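Have the structure open while you read, and follow the topics in turn.

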Amino acid sequence: MNIYSKIKKKKLLHVFFKFNKNINRVNLSPEKEYLQASIVKFKDKKVVRSHHHLNHPVILKKRPIQESWILIKGKAKLTFFDTNKKILKTVVMKPGDISISFGGGHRLEILNKNTIIYEYKTGPYKGSKKDLSYFL
């Protein structure tokens, strides 16, 4: 599910993907975003050839913070916010679900004990005082 700003109608702020066992490959991020995420299902054994990633000069010009969470175990509630801090959508994450935030804000509420979430974000991370602005 793509979640767009109500202020800038065409601005994609968040992606939430409900896990589905029947997928093969889904590219979840638009190509222009700094945080890229895909879901790939391998039906058979496979080797992904050795590789490294190249530096792109455009990345050095600005450093937007984008973040993704994948729920591995447990249950969590996510609230997505627009750029003006107004709620856009609330969803419940279950194992296998993924959330990607390109802009706007988000809130995470853990609903079960021993919940495990993988978190990804653009870096380098400079700590909550330099990289985050809390509200509500």
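Predicted model: local features only at pLDDT ≥ 70, side-chain atom pairs only at ≥ 80, totals over all residues.

Residues are numbered from 1 along each chain as its sequence is written, and side-chain values use heavy atoms, with hydrogens and water left out.

**The five-stranded sheet**

- Five strands make an open, antiparallel sheet, and their order is β1-β2-β8-β5-β10.
- Strands here are DSSP runs of E with at least two residues, helices are runs of H or I with at least four residues, and both are numbered from the N terminus.
- Two strands count as paired if DSSP finds at least two bridges between them.
- Each of the edge strands, β1 (2-4) and β10, has a single partner strand, so one side of each lacks a neighbour in the sheet.
- From one strand to the next, the twist averages 15 degrees; the axes are lines fitted to C-alpha atoms (for helices over the stretch in contact), with angles running from 0 to 180 degrees between N-to-C directions.
- β5 and β10 run antiparallel and are joined by six bridges.
- Lysine 73 has isoleucine 116 in β10 as its bridge partner.
- Four bridges link β5 with strand β8 (residues 98-101), again in antiparallel fashion.

**The three-stranded sheet**

- A further open sheet has three strands in the order β7-β6-β9, with antiparallel pairing.
- Its edge strands, β7 (87-93) and β9, each pair on one side only.
- Direction ignored, neighbouring strands of this sheet are turned by 15 degrees against each other on average.
- Six bridges hold the antiparallel pairing of strand β6 (residues 76-81) with β9.
- Opposite lysine 77 stands glutamate 109 in β9.

**The largest pocket**

- The largest pocket holds about 790 Å³ of space.
- Of its 26 lining residues, Gly105, His106, Leu132, Ser133 and Phe135 are the closest to its centre.
- Two or more lining residues come from each of β5 (67-73), β9 (105-110) and β10 (116-121).
- β9 gives the largest share of the lining, with four residues.
- By type, the lining divides into 11 nonpolar, eight polar and seven charged residues.
- In that count, Ala, Val, Leu, Ile, Met, Phe, Trp, Tyr, Cys and Pro are nonpolar, Asp, Glu, Lys and Arg are charged, and the others, Gly among them, are polar.
- A pocket is an open set of points on a 1 Å grid over the protein atoms alone, where a 1.4 Å probe fits and protein lies on both sides within 12 Å along at least five of seven lines; lining residues have an atom within 4 Å of a point.
- Grid points are joined across faces, edges and corners, and the volume is the space filled by probe spheres set on them.

**The aromatic pair**

- How many aromatic pairs does a search of the whole structure find? The search finds one.
- The ring centres of phenylalanine 81 and phenylalanine 135 are 5.1 Å apart and the planes are at 85 degrees, so the pair is edge-to-face.
- Rings of Phe, Tyr and Trp (its six-membered ring) pair if their centres lie within 6.5 Å, and planes under 30 degrees apart count as stacked, over 60 as edge-to-face and the rest as tilted.
- The pair links distant parts of the chain, 54 residues apart: phenylalanine 81 is in strand β6, and phenylalanine 135 is in the segment after α1 (128-131).
- Phenylalanine 81 is buried, at 3% relative accessible area, whereas phenylalanine 135 is partly exposed, at 29%.
- Buried means under 20% relative accessible area, exposed over 50%, and partly exposed in between (1.4 Å probe, protein chains only).

- Most residues other than glycine have a negative phi.
- Lysine 85 is not a glycine, yet its phi is positive, about 70 degrees.
- Lysine 85 is in the loop between β6 and β7 and is partly exposed, with a relative accessible area of 46%.
- Asparagine 114 also has a positive phi, near 65 degrees.
- Asparagine 114 is in the loop between β9 and β10 and counts as exposed, at 61% relative accessibility.
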